[in-house]
Every structure is written in C-alpha cells, then in structure tokens.
Amino acid sequence: NYGRKFNFSPGPAIMPESVLKKAADEMLNYQGTGISVMEMSHRSKEFEAILKGADDNLRKLLNIPDTYAILYLQGGAHYQFSAIPLNLLGDKKKADYIITGSWSERAAKEAEKYCEVNVVTKPTKFNTIPDKKEWKLSPDAAYVYMCDNETIFGVEFPDIPDTGDIPLVADMSSNFLSRPFDITKFGLVYACAQKNFGMAGLTIVVVRKDLIGNARKDTPMLMDYKLQFDSRSLYNTPSTYCIYIAALIFDWMVEQGGLEAFDKLNKEKSKTIYDAIENSNGFFYSPVDAKCRSRMNIPFLAKDTSLEKLFMEEAGKLDLIGLQGHRSVGAFRASIYNAFPLEGCKKLATFMKDFQEKHE
Ligand code: PMP
C-alpha cells in the first residue's frame, strides 16, 4: 500500500497505478539498456521504438487512418491556440469559433491576432451549449473551432457538430480518448497529455494531412505542422519522457479494452456522481444544463455555501482530494479522467450522502 489518495485534480491528474509502477521499475535501467528513458537520445533505436509504439497504439485506439498525421509537440494546449490559426488560415481571412467556456474563449482571443474571428455562438452563461439552430456559421471560414469538453465549467458536446466542407477543429484536452469518436469528422483534434494520457509537457495533434503545409510565412518554425510532420516530431528534442509515459498509458488502454471499455466506465463513473447530486433534493446541485453535462469534469455546489470549507475538510480526511472548484466557478469539481477509478466515485457519492445527513 503506497498510501495513494483519490485524486480529483483537473490536471495534472491521476495516472494509472500500474503505469506509475512500470515507469518506476524501468526508471534506472530501461529494458537492459543500462540507462533511463530520461537519459536516452531521441535518435536512439530504443526511443524510436517507444515513439512507434505510441503511434501504433494511438492509431489503433482511435482508428486513425493514414490520411491523418499524429504530431507530438510541446508548449501545452495553449501553443495550439496560436498554431491553429497560423497553420490553417491559408489564404482565408476568417475563422469560426464556437465559444462554450473559458478555454474556447481564450483560443478565440488568441486567433484575433491573426484573423477575423466570427463567434458562432456564445451563451450568456457558460452552463450550456446553445441550440445549433441559433448558430451563425460563416461560409468563408478557414475552419470551425470548438472545445469538446470545457474543463472548468463541465460542459461537454454530446455529439459532433456538422460543419460541411469546412474543417472542424477540436480542443479535446480534457476528454481525449475517453470515448470513441469518428476522427474523420474533424480536420484537426488536439489534446495536452496531463489529463487523460500522462504528464504535462506533451500535446498531441491529430491533423488531416492535406491541411498541413499552408502555414503563414512568419510562423515560428516549431509551430509549423509541416516541419513537425516531415521530421516525425523529431526536428528538435521532443519531450521524450512524456512520450514514453503516454506510450505506457496507450498500452494500458489497449489492455483495458480500448475506448469502448472506457466509454462504458466513464458513463458509469459520472452517473454515480450526478446521481448523488440529483438525489440530494437540492442540498447539492449542478450548475450545468443536463443535456451537455461533462463525463470528465463535474462541477457542483452546495445550496448552503457556508458548508463548503467543511465539505473539503471532511472529504480530505477520507482521502478524497483535489475537489476544489475552479476559482471562476467556485465550490466543488470532481475531475474523473480515464485513470480515475469507479471506486473513488462511489466513495465520493457515499460521502456526499453522509455529509448531507449530518449537516442538512
Ligand atoms: N484546453 C483545455 C480544455 C484545458 O482544460 C486546458 C488546461 N486545463 C487547456 C486548454 C490549457 O492547457 P495547457 O495548460 O496545457 O496549455
């Protein structure tokens, strides 16, 4: 027993224990090389094999066809807020942004440096996704941008919007690999690793190959998807250890039964907590419209706000940690990515019920 707690942190987030153990086992001597992956050249055949393993497994997990490239980049998800307009605008002057929370809002603000941003839709409060009938898509946009799961507000798209021939671009930082989806409906999907597939320092971009090669001339070289694609993400030193950890997680995901298995588990996990909220007779409540509640990040509040501090303290005593809501929403948020166990969700639900009985 390592004394590990149920960590509801929104990211960097909980990792599978078996992956941490494997990384620890291999730390001093990776598969007989006599060195750690951290100490290994990114040009070595061992590292090449790690990268290929990650690539093969990710393609298998998501069913990614050869018409899509996978890039292993640094700079976090924020880097893509800039890289996307720089690479995808081409000769177009406009991009469409669906704004459903603070991450898509921030991405749109960055894009304004490079083009006209058309706001397709933006609710007055970030607790819903406005009806598609009210969206204002523009026919001459270079791409349509969305954030599939808004981590802070807990708003997740229940389905993939149809944008016709205009490439759809999605930030999936907080729900990548949590359910199967049809990658061919997107021009580009990206996600930082520190929530659903590892540690901070790696961002994966899956992009349709025909969208590569149109970067603005003044694009910083490492942001240019073509340079990264042509060099198989090895133009400069990539975040080697992060790629290794992602490779271990992809192995683990395949072993666990792939995305269908995680989809099922994630539904059950989130239902456990939403049921606890709904069955509390208003003692706890969700601020999010039921039709777009996230399976990954569950913000909730207590009707009596004076109980917030006590709730966190008592949860902590039961090893339920990281439940603090984002400063812009307040109260509580349970982030339950792929590696978060069902058992922890059940424990939180039981605690919520007990807490209510004691303090109602
Ligand atoms: N997009 C989403 C949906 C996120 O949740 C986050 C981080 N929490 C980001 C972007 C920013 O990620 P990073 O810190 O890697 O730039």
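**View 1. Ala339 sits in the loop between E14 and helix H9 (342–359).** Helices (H or I, at least four residues) and strands (E, at least two) are DSSP runs, numbered from the N terminus. This is a predicted model: local features need pLDDT of at least 70, side-chain atom pairs count only at pLDDT 80 or more, and totals for chains, interfaces and linings use all residues. Residues are numbered from 1 along each chain as its sequence is written, and side-chain values use heavy atoms, with hydrogens and water left out. Ala339 counts as buried, at 17% relative accessibility. Buried means under 20% relative accessible area, exposed over 50%, and partly exposed in between (1.4 Å probe, protein chains only). Not counting residues up to four places away in sequence, Ala339 touches Ile14, Met15, Pro16 and Trp252. Contact means heavy atoms within 4.5 Å. Ala339 and Ile249 are 90 residues apart along the chain, and their C-alpha atoms are separated by 9.3 Å.

**View 2. Ile277 lies in helix H7.** Ile277 counts as buried, at 2% relative accessibility. Its contacts, leaving aside neighbours within four places in sequence, are Phe284, Tyr285, Ser286, Ile298, Phe300 and Met352. Ile277 and Ala349 are 72 residues apart in sequence. From C-alpha to C-alpha, Ile277 and Ala349 are 8.2 Å apart in space.

**View 3. Tyr97 and Tyr143 are shown as an aromatic pair, from a structure that holds 22 aromatic pairs.** The Tyr97–Tyr143 pair is edge-to-face, at 5.8 Å centre to centre and 70 degrees between the planes. Rings of Phe, Tyr and Trp (its six-membered ring) pair if their centres lie within 6.5 Å; planes under 30 degrees apart count as stacked, over 60 as edge-to-face and the rest as tilted. This pair links distant parts of the chain, 46 residues apart. Tyr97 is in strand E3 (residues 94–98). Tyr143 is in the loop between strand E4 (116–121) and strand E5 (144–147). Tyr97 counts as buried at 0% relative accessibility. Tyr143 is buried too, with a relative accessible area of 0%.

**View 4. Phe311 and Phe332 form a tilted aromatic pair.** The ring centres are 4.3 Å apart, with 40 degrees between the planes. Phe311 lies in helix H8 (residues 308–317) and Phe332 in strand E14 (residues 332–335), so the pair ties together parts that are 21 residues apart in sequence. Both Phe311 and Phe332 are buried. They belong to one aromatic cluster, together with Phe283, Phe284, Phe300, Phe351 and Phe355.

**View 5. Helix H2 (residues 45–62) packs with helix H6 (residues 240–255).** Two packed helices are described by the angle between their axes and the distance between the axes. Here the axes of H2 and H6 come within 9 Å and cross at roughly 40 degrees. Axes are lines fitted to C-alpha atoms, for helices over the stretch in contact, and angles run from 0 to 180 degrees between N-to-C directions. Angles under 35 degrees count as roughly parallel, over 145 as roughly antiparallel, 65 to 115 as roughly perpendicular and the rest as oblique. The crossing of H2 and H6 is left-handed. A crossing is left-handed if the near helix is turned anticlockwise from the far one by less than a right angle, and right-handed if clockwise. Contact residues in H2 include Phe47, Ile50, Leu51 and Ala54. Those in H6 include Ile243, Tyr244, Ala247 and Phe250. By class, this contact of H2 with H6 has 12 nonpolar, 2 polar and 2 charged residues. Ala, Val, Leu, Ile, Met, Phe, Trp, Tyr, Cys and Pro count as nonpolar, Asp, Glu, Lys and Arg as charged, and the others, Gly among them, as polar.

**View 6. Helix H3 (residues 76–88) packs against helix H4 (residues 102–111).** The axes are 9 Å apart, at an angle of about 45 degrees. H3 is therefore oblique to H4. Their crossing is right-handed. His78, Phe81, Ser82 and Pro85 in H3 meet Trp103, Arg106, Ala107, Glu110 and Ala111 in H4. The contact of H3 with H4 has 5 nonpolar, 2 polar and 2 charged residues.

**View 7. Backbone details are shown at Pro12, Leu177 and Asn281.** Most residues other than glycine have a negative phi, and most peptide bonds are trans. The peptide bond from Gly11 to Pro12 is cis, with omega near -10 degrees. Pro12 lies in the loop between strand E1 (6–7) and helix H1 (17–25). Leu177 has a positive phi, near 65 degrees. Leu177 is in the loop between strand E8 (168–171) and strand E9 (188–192), and is buried, with a relative accessible area of 0%. Asn281 has a positive phi, near 55 degrees. Asn281 lies in the loop between helix H7 (258–278) and strand E11 (284–285), and counts as exposed at 72% relative accessibility.
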